[in-house]
Amino acid sequence: MKVSHTIIINRPINDVFNFVTNLQNETRWQPEIKLVTLEGPLQAGSTFRELRVTFGRTYDWHFRITEFVPPHRITIDTISGTARYRGSRIFEAVGTSTKVTEIGELEMPRFLRLFDPLFSWLSRQPLRLAYGRLKRLLEQEVLAQELAADG
């Protein structure tokens, strides 16, 4: 099952990349994620664990960061979990804003692959909501910082 989503965030690329790749922020903008634990420094080869609740079920995933190219890309791959996932978040400067694209593939267990189109459709809304939340969070922080600086 393939997933993808793109959004423009009105913040500079370094700000967006640094916020998104600080894995402790995952719980702030992705409500399904309950806990993230980075095992070592944030770099290619590092691993992290993620506790996620999706469709009412709790999943414990273990990932490896396979590519880390600040401020342009982070790619992860499953070490263990319910299903294999490989995905990238790609960051591109668009003027003073940042285009963020998430692309990935979730390999469902063989007996569930028949339902890939359904799962793909069901995953679109949570992904859209999460990235909308990220956009609001980052853009509102800018507004709050600007107001504080003016005050």
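Which residues does arginine 89 touch, not counting residues up to four places away in sequence?

Guide: Leaving aside residues up to four places away in sequence, arginine 89 touches Val20, Glu26, Trp29, Gln30, His72, Arg73, Ile74, Thr101, Glu102 and Tyr131. Arginine 89 itself is found in strand E6, which covers residues 84-94. Its relative accessibility is 14%, and because buried means under 20%, arginine 89 counts as buried. One of the residues it touches is Glu102, and here the side chains are joined by a polar contact of 3.1 Å.

E6 pairs with E5 in the antiparallel sense, through 5 bridges. Within that pairing, isoleucine 76 has glycine 87 in E6 as its bridge partner. The two strands form a hairpin with 3 residues between them. Glycine 81 lies in the turn of this hairpin and has a positive phi of about 155°.

On E5 the next pairing is with E4: these strands run antiparallel and are joined by 7 bridges. Phenylalanine 68 has isoleucine 74 in E5 as its bridge partner, and Ile74 is also among the residues touched by arginine 89. A hairpin through 3 residues connects E4 to E5. Proline 71 lies in the loop between these two strands, and the peptide bond joining proline 70 and proline 71 is cis, with omega about -10°.

E4 also pairs with E3, in the antiparallel sense and over 8 bridges. In this pairing glutamate 50 stands opposite tryptophan 61 in E4. The hairpin of E3 and E4 has 2 residues between the strands, and phenylalanine 55 takes a positive phi near 50° there. E3, residues 47-54, is in turn joined to E2 by 6 bridges, and E2 and E3 run antiparallel. Threonine 37 has arginine 49 in E3 as its bridge partner.

Leu134, together with Phe91, has the most contacts inside the largest nonpolar core, which has 30 residues. At least two residues of this core come from each of strand E1 (2-9), helix H1 (13-21), strand E2 (33-39), strand E4 (57-69), strand E5 (73-80), E6, strand E7 (97-107) and helix H3 (116-150).

Arginine 11 is in the loop between E1 and H1. It has a relative accessibility of 9%, so arginine 11 counts as buried. A polar atom of the arginine 11 side chain lies 2.6 Å from the backbone oxygen of leucine 138. The other residue is glutamate 107, found in strand E7. At 43% relative accessibility, glutamate 107 counts as partly exposed. Glutamate 107 and lysine 2 are 105 residues apart in sequence, but their C-alpha atoms are 8.5 Å apart in space.

For the chain as a whole, there are 3 helices and 7 strands, and along the sequence they follow the pattern β-α-α-β-β-β-β-β-β-α. Of the 151 residues, 40% count as buried. Among contacts with a separation of 6 or more, 43% are between residues 24 or more positions apart. The accessible surface of the chain comes to about 8600 Å², and 56% of it belongs to carbon and sulfur atoms.

A word on confidence belongs with this tour. The chain averages a pLDDT of 86, and 82% of the residues score at least 70. Confidence is highest in H1, at a mean of 96, and lowest in H3, at 72. Where pLDDT is low, the predicted coordinates should not be read in detail.

Technical notes
Residues numbered from 1 in each chain as written. Predicted model: local features only at pLDDT ≥ 70, side-chain atom pairs only at ≥ 80, totals over all residues. Heavy atoms only, no water. Helix = DSSP H or I, 4+ residues; strand = E, 2+ residues; numbered from the N terminus. Buried < 20%, exposed > 50% of the residue type's maximum accessible area, 1.4 Å probe, protein only. Polar contact = N/O pair within 3.5 Å; in protein donor to acceptor, adjacent residues only side chain to side chain. Contact = heavy atoms within 4.5 Å. Core = buried A, V, L, I, M, F, W, Y, C linked by side-chain atoms within 4.5 Å. pLDDT = per-residue confidence, 0-100. Areas by Shrake-Rupley, 256 points an atom, 1.4 Å probe, with all protein chains shown as cover. Pairing = 2+ DSSP bridges.
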